[in-house]
Amino acid sequence: SSCLFTLPVRGSEGLYMVNGPPSFTESTAFQRDSGKNCKAVAFSKDGSLFAWCNGEKVNIVNVTNAELLCSFDLPKAVCLEFSPKNNVLATWQAYTTAKDGTAGVPNLQLHDVKTGKCLKAFIQKKMQNWCPCWADDESICARNVNNEVHFFENNNFNTITNKLHLQKVNDFVLSPGAQPTKVAVYVPGSKGAPSFVRLYQYPNFNGPQSALANKSFFKADKVTMLWNKKATAVLVIASTEVDKTGASYYGEQTLHYIATNGESAVVQLPKNGPIYDVVWNPNSVEFCAVYGFMPAKATVFNLKCDPVFDFGTGPRNAAYYSPHGHILVLAGFGNLRGQMEVWDVKNYKLISKPVASDSTYFAWCPDGEHIVTATCAPRLRVSNGYKIWHYTGSLLHSYEVPSNEEMWQVFWQPFLDGVFPAKAVKYQAVPSELPSAEPKPAQAYRPPALRNKPVTSSKLHEDEPPQNMKPPGSSDKPLSKTALKNQRKHEAKKAAKQEAKADANQEPAQSSASQSAPRSTVPAVTSGDPEVDKKIKNLKKKLKAIEQLKEQAAAGKQLEKNQLEKIQKETALLQELEDLELGL
């Protein structure tokens, strides 16, 4: 099968393209740019155009035949980005003022990709958030100027059609997908006033009533705002620079959920410590958070911010959903050893556990099958290179640069949604020419006095196992408030019963609810008379059935005549049970 896509590799060996699976050879269509000065590269959103700057020019080529479309004299450009529909190429270079202190020349330029002419140039001092943001159809473009958001329409950059003006807009994010465009805005708190994130629908910005949703919080020095793909909700990670309690040098983080229908909530994370990563499932109805002091927990939540599945604890600080949302990879990169757990999201089963040590980068291929991990400078200066995996754990290709060279970047050519159809999840490792990349486990240090003695395992902490948090038979349909209340009551009762059952039988209960509740180890009280014990058990069973009938009635179900008669016997049964238990 021919290769459908490429990976650009940028480093001290120049810039070149590698064909993706199955060949992994260097692309012959794209002429390698061997200069050591390639500062930036960018694909268009659909992967059809590719731009790079090599310290002399910014070039744009058509990816399929590598034909040069246009070239700009911008030797100092260090950032590049295409607009979503390939009409505009934005370039940024460092802002410099003249020797006499007068203002410098505009350093953010927007170029028409078809004609090559400069549409507009702005002064943009900071590199952070340098690029204007477009709606996916390019009908709107926005940039933050002196703490207010300026909007342009249809790529006409000479007219500001709208301004979003609040005390001080520190950051904003446009919603993905089709119109209408929504805007999430962050305003930091000052002088005792809280910080807040607000959601608006373009162009309704006037007056406090015009916001779709609003969430304020006192603890925030910086926030990260994440829209889901369907643009129905935003997750906000709010962080403080310092943890006042001194518990963590990461500062303190909280996770908030804000929906465009006005609902908002704090996501309750059951373990203390930093929030390392939060990602939306592309299906937009679930998200995964990785959090808590090491070994970190990872949990998938639904839109009610209730936990659906808990992955227990492990050495991880990152999460990555595959493009179709079928597979979730939990990984421990950076100061962790590169262990990955590949999970089937629909069945919550572990598929594979590959290890990519020293990785500084991870990315899913748009085909939803392959993964690239890489070790890049300047983060790590030694053993730079990249590896391509199949999610079933097979290492398919590995490249390491010569020891005197560096690799700075590698990434997949993007594709629009729908180009690659979703495929069924496989568990069997796909065949590979390469041996599996199992690193040798590092031996723990042992003081000389203990070296000849048997190894006793001493764990600093017990790992928590994964567990399903979804009540059995539950549907994903949003419940009404009363149904929700009843469901919560029902779950609480069920958990209590499961615990009682577990205590009585001293057997681990099968339900998820009891797994999270600490199981008490007090042996069940018995009367010593098996007959009496049997009676007590039967009474409890009948009372439990009555309890369930009452719940059904409360939820609005019409009960049969014999069911109603059963309920009426409750008081008598309770009395009988009490007498038997007192007789112990």
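I began with β2, where 6 of the 6 residues are buried, so the strand is largely enclosed by the rest of the structure; buried here means under 20% relative accessible area, exposed means over 50%, and partly exposed lies in between, with a 1.4 Å probe and protein chains only. Strands (E, at least two residues) and helices (H or I, at least four) are DSSP runs numbered from the N terminus.

Before going on I noted that this is a predicted model, in which local features need pLDDT of at least 70 and side-chain atom pairs count only at pLDDT 80 or more, while totals for chains, interfaces and linings use all residues. I also noted that residues are numbered from 1 along each chain as its sequence is written, and that side-chain values use heavy atoms, with hydrogens and water left out.

**Entry 1: confidence and overall counts**

I looked up the pLDDT, the predictor's confidence in each residue from 0 to 100, and found that the chain averages 84, with 85% of the residues scoring at least 70. Over residues 506-523 the pLDDT stays under 50, and for this stretch the model has 25 contacts beyond four places in sequence, a contact meaning heavy atoms within 4.5 Å. I recorded 5 helices and 36 strands in the chain, and buried residues make up 44% of its 584 residues. Of the contacts with a separation of 6 or more, 43% are between residues 24 or more positions apart.

**Entry 2**

β1 and β2 run antiparallel and are joined by 6 bridges, where two strands count as paired if DSSP finds at least two bridges between them. These two strands form a hairpin with 2 residues between them, and Arg10 stands opposite Leu15 of β2.

**Entry 2: the open sheet and its loop**

I traced an open sheet of 4 strands, ordered β11-β12-β13-β14 with antiparallel pairing. β11 (133-134) and β14 (162-164) stand at the edges with a single partner strand each, so one side of each is left without a neighbour in the sheet. Within the sheet, 6 bridges join β12 (residues 140-145) to β13 (residues 148-153), and Cys141 has Phe152 as its bridge partner in β13.

In the loop between β13 and β14 I checked Asn154, which has a positive phi of about 50° although it is not a glycine, and which counts as exposed at 57% relative accessibility. Asn155, placed in that loop between β13 and β14, has a positive phi of about 55°, but counts as buried at 18% relative accessibility.

**Entry 3: two serines**

Which residues does Ser284 contact, leaving aside its neighbours within four places in sequence? I found Asn228, Lys229, Lys230 and Leu303. Ser284 is in the loop between β23 (275-280) and β24 (286-291) and counts as buried at 1% relative accessibility. A polar atom of its side chain lies 3.2 Å from the backbone nitrogen of Lys229.

Ser352 is in strand β30 and counts as buried at 10% relative accessibility. The side chain of Ser352 reaches the backbone oxygen of Tyr391 at 2.7 Å. I also recorded that β29 and β30 form a hairpin with 4 residues between them, and that Tyr348 in the turn has a positive phi of about 50°.

**Entry 4: cis peptide bonds**

I noted a cis peptide bond from Pro21 to Pro22, with omega near 5°, and Pro22 is found in the loop between β2 and β3 (40-43). A cis peptide bond also joins Tyr202 and Pro203, with omega about 0°, and Pro203 is in the loop between β17 (195-201) and β18 (213-217).

Key: A polar contact is a pair of N or O atoms within 3.5 Å; within protein, one must be able to donate a hydrogen and the other to accept it, and residues adjacent in sequence count only if both atoms are side-chain atoms.
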